[in-house]
Amino acid sequence: MLDNFDIPDLLIQNMKAARHVAVLTGAGISAESGVPTFREAQTGLWARYSPEELATPQAFQRNPQLVWEWYAWRRELVSRAEPNLGHVALAELAGLVPQFTLITQNVDGLHQRAGSPNVICLHGNIQETKCFAREHVLDNWPESEAVPPTCPTCGSLLRPNVVWFGENLPAAALQTAVAAAESCDVFLTIGTSALVQPAASLPLRAVERGATLVEVNPQATPLTRFADFALAGAAGEVLPVLVSRLKG
Ligand code: NAD
């Protein structure tokens, strides 16, 4: 674990003085729970497909069975995963600052399972299912041999309730995320490669409005040069130290 010297005192002072802290998380925060990031997910059976070949409406129209089975595999993996110390630290952080907004690009539900309230999910939830044509969201559907199964209301194919490349983000979630980025004093970007838009633009909006930008990522990203504090470590190691310093 990083020792306390690795978190600058100035960052702790900024966070203690902040009225509103906003956080954007990406796949990296769930890596320590065993949920692969998109790049790492292309292993084994799925190694020959790129995310763009599996996570687009065009891919689904081309080969719905392939896409359904890839998501069924990821759904199973996510349901076996447990929140890690990074998720738990963020749930605790919510209670340590006057206003806290947690925005995630993840579809795995691990923030919610760690106890974070009011998580803004920009890219949906892999455990939910909707139909392709009319977006009826379903909890269950009649047993059938068909892969994918079909919607009992309109007959169209079922798909995961996630945002695929080229699709619009849920408008209300995006609006809330933008408002938080524009009004926070400190913005933490954690475990995201900052390549997928529009989520990747949120930290820069915060910087433009004068917020302190903090990055937690073992690797440099396009955001690193804008960060006031770049904490180059794993979220599950850095965030518990940050939270314990804030409590001290
Ligand atoms: P990404 O896969 O593009 O990047 C992951 C980032 O996390 C990298 O910069 C990597 O250096 C960093 N990282 C790896 N391990 C880390 C750790 N232990 N602590 C902190 N950082 C770590 O992920 P992205 O930026 O979220 O974009 C990919 C898209 O794929 C998103 O839209 C997301 O919806 C989706 N996705 C979600 C999940 C999930 O729900 N868990 C998993 C894979 C992909």
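Ala173, Ala177, Val178, Ala180 and Ala181 are buried in helix 9. Seen down the axis of helix 9, these buried residues fall within an arc of 160°, so they line one face of the helix. The model is a predicted one. An open sheet of six strands runs through it in the order 3-2-1-7-8-9, with parallel pairing.

**Helix 9**

- Helix 9 covers residues 171–183, and its 13 residues should span 18 Å at 1.5 Å a residue. The C-alpha atoms at its ends are 18 Å apart, which agrees.
- An α-helix has 3.6 residues a turn, so residues three or four places apart point the same way.
- The buried residues of helix 9 pack against strand 1, strand 2, strand 3, strand 7 and helix 10.
- Ala171, Ala172 and Gln175 are exposed, on the face of helix 9 turned away from its buried side.

**The sheet and the helices across it**

- Strand 3 and strand 9 stand at the edges of the sheet. Each has a single partner strand, so one side of each is left without a neighbour in the sheet.
- Strand 7 and strand 8 pair in the parallel sense over five bridges.
- Ile190 stands opposite Val216 in strand 8.
- Helix 1 lies across strand 1, strand 7, strand 8 and strand 9. It runs at about 110° to strand 9.
- Helix 7 lies across strand 1, strand 2 and strand 7. Its angle to strand 2 is about 150°.

**Nonpolar cores**

- The largest nonpolar core holds 29 residues. Met15, Val21, Leu188, Ile190 and Leu239 have the most contacts inside it.
- Helices 1 (9–17), 7 (85–93) and 11 (235–247) each supply at least two residues of this core. So do strands 1 (20–25), 2 (99–104), 7 (186–190), 8 (212–216) and 9 (229–231).
- Helix 11 gives the largest share of this core, seven residues.
- A second, separate core has 19 residues, including Ala173, Cys184, Phe187 and Ala211.

**Two residues of interest: Leu188 and Thr189**

- Leaving aside neighbours within four places in sequence, Leu188 is in contact with Met15, Val21, Ala22, Val23, Leu24, Val214 and Leu242.
- Thr189 is found in strand 7. Its relative accessible area is 1%, so it is buried.
- With neighbours within four places in sequence again left aside, Thr189 is in contact with Leu24, Pro203, Leu213, Val214, Glu215, Val216 and Leu223.

**Backbone points to check by eye**

- The peptide bond from Val147 to Pro148 is cis, with omega near -5°. Pro148 lies in the loop between strand 5 (137–138) and strand 6 (158–162).
- Gln197 and Pro198 are also joined by a cis peptide bond, with omega about 0°. The loop that holds Pro198 lies between strand 7 and helix 10 (202–208).
- Asn118 is not a glycine, yet its phi is positive, near 50°. It sits in the loop between helix 8 (110–114) and strand 3 (120–121). Its relative accessible area is 72%, so Asn118 is exposed.
- Glu135 is not a glycine either, and its phi is positive at about 60°. Glu135 is found in the loop between strand 4 (124–131) and strand 5.

How values were computed
Residues numbered from 1 in each chain as written. Predicted model: local features only at pLDDT ≥ 70, side-chain atom pairs only at ≥ 80, totals over all residues. Heavy atoms only, no water. Core = buried A, V, L, I, M, F, W, Y, C linked by side-chain atoms within 4.5 Å. Buried < 20%, exposed > 50% of the residue type's maximum accessible area, 1.4 Å probe, protein only. Helix = DSSP H or I, 4+ residues; strand = E, 2+ residues; numbered from the N terminus. Contact = heavy atoms within 4.5 Å. Expected span 1.5 Å × (residues − 1). Arc of directions from axis to C-beta. Pairing = 2+ DSSP bridges. Axes fitted to C-alpha atoms, helices over the stretch in contact; angles between N-to-C directions.
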